[in-house]
Amino acid sequence: MITNYSEITPYIKSLADISNKSNKIRPEMYFEHDVKRGLRDLDGNGVVAGLTEVSHIQNKILGPNGEKLPCPGELYYRGINVRDIVDGFEREGRHGFEESVYLLLTSRLPTREELDAFKATLSDYRNLPSSFVRDMILKAPGKNMMNILSRSVLALYAYDENPDDISIPNVMRQSIALISQFPLLAVYGYQSYQHYHNGKSLFIHYPKSELDTAENLLYILREDGKFTKKEAELLDLALVLHMEHGGGNNSTFTTHVVSSSGTDTYSAIAAALGSLKGPRHGGANIKVVQMFDDMKASIDIKDENQIKEYLVKLLDKQAFDKAGLIYGMGHAVYSISDPRAQILEKYARELSIEKGMEDEFALYKTVATLAPDIIASKRKIYKGVSPNVDFFSGLVYRMLGLPEELYTPIFAVARIAGWCAHRIEEIQNAGKIIRPAYIAVKELDDYTPMEERTSILLEEKANLTQPI
């Protein structure tokens, strides 16, 4: 009888070995069958799988002869350049997350009266049943923040009196509720984890109606509930820049795929969270700050030559996690520049002055300047390499004093706005369940009777034990 279900027994390992040895799909077979591995071509362009009005990424322009040429990256929410959105709320001295959520969900910018009403509605939904906080979060701490989030979202299904109705009004209600509640789910889950696993004091701040999303997140996270105006502004900006990035990114495409089946909102969002948890998608900013920590512990960061040598060692799999990557450099879509990184860099510089972390910011800038040429000299690349949004977001979160365990959940706090917009769009344009094709490459075989296959296996084992 099994007593430890986490243990990999010798028998389980033998089954895995059989499976590994039986896998005959080789990398070159993708070229032979003209399959775009990862649904991307060699230039990193995604295979077109659908249509969307939610957002648009521009990374190429047409040249004089009709050829596509790389250009500085631009990101548009519902056709509006995100740079203009940021400039708009910055000029008026206000936060932009709620306005941007309204834009994504409804396809147009709100008037002042509409924005006030929308913010009031978000505030009305920004609470959780006390029994939910007690039973699903405080009494059941998990090992991973993203799994805690997923479990909490699925559990909220039971607290919804009409969870399976996928009419647009009902999905809009569920979307607004989840967007409002995500900061609470993330922070309360983190505090519960810290209390039960690390013995930290447990404190629960309930959100304040007069605070917006970014302000409430900082308020409920910090024991004294205090934050500066600059801190709230920068967190709000980070949420705006992370909230949407096209229909083809892994978690948003997951939302489309799952929503196309006709399932409920909670299941669709939990699936998206499972995708975002993956380190290839949502965990890059954690790797960035950990890489810089290792760099500071290994070299003299005032010496540019030592920085260059360290970056080369990263690519040669001789430093940090030996993965051969300079984290935060390069993006699947952008080549010349990531507009989100450019916007965040400006504000990160300002906060570094407030926090007395100018040297830290200078180190990031040095690496951002040196890395592209070093990568180009060491790797065969098909497009340019530049800092992506994760390069500076990790630094921003560290300057804000946010724990690393919350980096990816805060990504989710922002991105759920995009997920919900895409879910609504998928339902509005529902026609067919998303079902891409796979080419079967396994040769056909005959069924072998039990006694015959047992005899063959015994003979193979005997041959392996025969002396050479």
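Reader: Which helices each supply at least two residues of the lining of the second largest pocket?

Author: Helix 7 (145–156), helix 13 and helix 18 (407–428) do. Helices are DSSP runs of H or I with at least four residues, strands are runs of E with at least two, and both are numbered from the N terminus. Keep in mind that this is a predicted model: local features need pLDDT of at least 70 and side-chain atom pairs 80 or more, while totals for chains, interfaces and linings use all residues. Residues are numbered from 1 along each chain as its sequence is written, and side-chain values use heavy atoms, with hydrogens and water left out.

Reader: What makes a residue part of the lining?

Author: A lining residue has an atom within 4 Å of a pocket point; the pocket itself is an open set on a 1 Å grid over the protein atoms alone, where a 1.4 Å probe fits, with protein on both sides within 12 Å along at least five of seven lines. Here the volume is about 290 Å³, taken as the space filled by probe spheres set on the points, which are joined across faces, edges and corners. Of 17 lining residues, N144, M146, K277, I286 and T408 sit closest to the centre.

Reader: How do you know whether F391 is buried or exposed?

Author: Buried means under 20% relative accessible area, exposed over 50%, partly exposed in between (1.4 Å probe, protein chains only). F391 has 0%, so call it buried.

Reader: What about C71, buried or exposed?

Author: C71 is at 6%, so it's buried. C420, at 0%, is buried as well.

Reader: How many disulfides does the rule give?

Author: A disulfide is a pair of cysteine sulfur atoms within 2.5 Å, and the count by this rule is 0.
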